Amino acid sequence: MKKTIFEAVKSMKNGSLTSTQLLNTCLERVEKAKDLQAIVTLNDELCKIKAAALDAKREELSGDELGPLHGIPVAVKDNFSTAGIRTTCASRILSDYVPNYTATAVQKLLSAGGLLLAKTNMDEFAMGAGSVESHMGEVRNPWNTDRVAGGSSGGSIVSVACGAVFAALGSDTGGSVRNPACFCGVVGYKPSYGLISRHGLISLENSMDTVGIAARYVDDVAYILDIIAGWDAKDSTSVKRPVDKVQLDEEPSVKGLNVGIPYDFHAPGTSREVIDEWSRIADEFERAGANVVSASLPSTQFGIDAYYVLCKSEVASNMARYDGIEYGFRSNGESTEQLYASTRAIGLNDAVRERILAGNYFLLSRNYKKYYEKAQKVRRKIANEFNDTFNSGIDVLLTPAVLEPAPRFDWFKDSRNRVKSQDHDIYTITVNLAGLPAVVVPTGLNKENLPIGLQLITPYLNDVKLLNIAKWLENYCSFKQFVDRQMN
Ligand code: GLN
């Protein structure tokens, strides 16, 4: 399990490891992920059948004829549609919903030979940052169960951190892959908007939703990206240009790179240890030959407000389809209106209902200009500031990803702290508003043995460059030693 995907596939291709053996090793680790409530649906029976079939195929075919993900167990968040496997969005309203088609990104993993071992837990409909707002139980942090795992893709990230799978897909609309990756010490990547098809990913906020990848190593993230990136006729927002092979340098270098440190990213509430880690790593970039310069992104402070107005507005329209008529759970009522109302009251949690209400309020014709239009203007301003920064010659921004290491579970779970907990989004959300690629790399452990990580951001479609820099940082920090210790 300490292998990268590339190494594991190589062993299977040369016959020194079978897919069934690898699956059994992962299944032993699934128990831990299950205890932490990371998994909504375990697909072990089908995986065993597929692994045996892959092993038989290996007997017949040469290694070169096998798929690039031959026999590798992966997981996907429970908001990716999977034909024949229930897809709940961790909500009561979809608790029995079984789609009849598979999301493009998931299909690509399966077609490459991957084993879909688990559908993972999350905040209901991906609204949240702690994976505590789930109808399927709250996810706990593997480093310390008194802490949150982060969210909303907490189940995917925890499955990776426990070694139950090599990699997992999550969705990142405002930070949902990067935030839990930072809290749980794994690599969490959000691609440029449109680089990976969203077809079959159940919408939270279409204009910002992206398919994110979590893995223990940067090389694994790049490996999965290579398999799932690319234009898709079924997603009109996917980028219509050929994607080059995603291949990272053997020994990436940051010599001569201009690394920007945005001083507007010193958000209130950022812990001392996060700030110290940020400056320690900036110094290391400098020592490795990079030019570390300051950068200015003054509208960062308006990111959270703009994001939540836009998110709730899109939520108000996206959630209209869950009315008890076509999908999932249905309550009863004497009129159609009563049926709708009682289905939603019982079927959706209050965090989701609050967003629907607020979104409809923002979209009222008398409010539209004041909220929605204004938020769009802020979004444009934020995107322009990023562009100006990169046009000034900065190659990559180095920033915190969250305010502090994983917060206490009890604090996060208390719904009175819901608005306050959104403060963590400050460092991740503007990246989604601007559609840029970003990645969180774990850089160390604090005194309480909790992971700390930092975020890197590059210009639009500079995803490979981003991952090369992330690989340099990963090599430098050698966080792998802690990951390997977790695996023992
Ligand atoms: N925390 C943010 C929200 O609740 C981001 C969620 C996400 O990326 N899915 O909207």
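View 1. A backbone N or O atom of Gly128 lies 2.9 Å from an oxygen atom of the ligand, a polar contact being a pair of N or O atoms within 3.5 Å. An oxygen atom of the ligand is also 3.4 Å from a polar backbone atom of Gly175, and a ligand nitrogen atom is 3.5 Å from an N or O atom in the side chain of Ser152. The protein covers 99% of the 290 Å² of accessible area that the ligand has on its own (Shrake-Rupley method, 1.4 Å probe). This is a predicted model, in which local features need pLDDT of at least 70 and side-chain atom pairs count only at pLDDT 80 or more, while totals for chains, interfaces and linings use all residues. Residues are numbered from 1 along each chain as its sequence is written, and side-chain values use heavy atoms, with hydrogens and water left out.

**View 2. The shell around the ligand.** The ligand is surrounded by 15 residues, of which Thr173, Gly174, Ser176, Tyr307 and Arg355 are the closest (a heavy atom within 4 Å). Domain 1 (5-253 + 400-487) and domain 2 (302-356) each contribute at least three residues to this shell, with bounds from an automatic or database domain assignment.

**View 3. The loop that holds Ser152.** Ser152 lies between β5 (144-148) and α5 (154-161), these being DSSP runs of at least two residues for strands (E) and at least four for helices (H or I), numbered from the N terminus. The peptide bond from Gly151 to Ser152 is cis, with omega near 10 degrees.

**View 4. Gln37.** In the loop between α2 (19-35) and β1 (39-42), Gln37 has a positive phi, near 60 degrees, although the residue is not glycine.

How values were computed. A polar contact is a pair of N or O atoms within 3.5 Å; within protein, one must be able to donate a hydrogen and the other to accept it, and residues adjacent in sequence count only if both atoms are side-chain atoms.
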